[in-house]
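Please look over the model shown below before reading on. The briefing that follows takes up one residue and then the chain as a whole.

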Amino acid sequence: MTPKLYALALGNFAVGTGMFVTAGLVLPIAGDLDISPSAAGQLMTVFALAYALLSPVLAALTAKLSKRRLLLIGLGVLAAGNALTALSPTFGLMLGTRVIAAAGAAMVTPVASAVATALVGPERRGRALALVMGGLTVASAIGVPLGTWMGGVAGWRSALWLVVGLAAVGFAAVALVVPDVRLPASTRIRDRFTPLADRGVLAVLLTQLLIFAGGFSAYTYLGSLIDVPLAAVLWAWGVGGVVGNAVGGRLTDAYGPRRMVFLGIAGATVLMALLPVANLNLGVALVWAFVWGALGWLIGPSQQYRTVAAVPGNVPVGLGLLASSQYLGLFVAGIAGGLALEWYGRTGVIVLASALGVVTLLFTMATYPAVTRRPKTDVAV
């Protein structure tokens, strides 16, 4: 793989740490600002909703920019948003700064994936996407546990300054090695939603929304669901995600995305239902979290592969819509998981996450038909 892809992955590493680290800071933030854990969890919810809504708008407004310049702007805005979050004296101001951070993230992740597809041939597309998206999974394995640990030792604001530093590193890497790539894209906002008229594309996007709604309704409030050290569990989940993402990219190239999508959804649903097992002891919790993370992130490259195949002439728009669907799912997860925690406690969150997993599996079975031959570069959606 070209070294340029690793620079793109570094940008996603900063995005992923900034996005997911708030899940590990829910309890410290709640205690410091005297709010409930479910309220603190809305920091991720606001980030997710802002990302989903801003992504297509910003993509249209910045369509004429080179992708390298756009990545640099996005990483700069991401750093600024997290710095403002770290400096915010009140919870209300923090919510506003998460919108700024989300705007930066929305200019990084879909663009990084689009550039990755332009830098490699079709036969290596799955692995390239897995490597670039691997920045998000490595963030969950290293950045998020590190930020969670820092939040407990030096205060939750220190974790946000960590994100600022990671964004600066990603900025430098992109500036040094990523070429000045230009991809055709419309500047009209309505054109960003044109693929939604295709039922196949819509099915991919709804699947993505449901996957993230189910998985992150549990992940966002994991600190309230387990009794073992949270940072260690988040680390195991992240390591599993790195493995699942990498293996998923290779298996997608070898067998096509359909098998990976079904394997990941079914396996992750079972693991969410078994969440109480994590409280037996730390060793069991680490194994459980590793397998859950691996199965959950196994789906990522396959979903991106499906999207690229569905809109080959408009890859940036397709991947932008996929990212928006993903973050809409995170928005649903934050709201629904918070309500379930408030009303029904731990059991409510576990039942909700598992039920959403079953719904996702049934929906995918109904909308993702089998193919008669093994797909290689032309994949049915």
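Leaving aside its neighbours within four places in sequence, which residues is T17 in contact with? They are A139, G143, V144, V163 and L166, where contact means heavy atoms within 4.5 Å. This is a predicted model, in which local features need pLDDT of at least 70 and side-chain atom pairs count only at pLDDT 80 or more, while totals for chains, interfaces and linings use all residues. Residues are numbered from 1 along each chain as its sequence is written, and side-chain values use heavy atoms, with hydrogens and water left out.

**Setting of T17**
- T17 belongs to helix α1, which covers residues 3–24, helices being DSSP runs of H or I with at least four residues and strands being runs of E with at least two, numbered from the N terminus.
- With a relative accessible area of 0%, T17 is buried, a term that stands for under 20% relative accessible area with a 1.4 Å probe, protein chains only.

**Fold and dimensions**
- The protein chain has 15 helices and zero strands.
- Its radius of gyration, taken over C-alpha atoms, is 19 Å, close to the 21 Å that the globule rule gives for 381 residues, so the chain is as compact as a globular protein of that length; the rule is 2.2 Å times the number of residues to the power 0.38.
- Along the principal axes, the C-alpha atoms of the protein chain fill a box of roughly 50 × 45 × 35 Å.

**Burial and contacts**
- Of the 381 residues in the protein chain, 58% are buried.
- Among contacts in the protein chain with a separation of 6 or more, 84% come from residues 24 or more positions apart.

Terms used
Buried means under 20% relative accessible area, exposed over 50%, partly exposed in between (1.4 Å probe, protein chains only).
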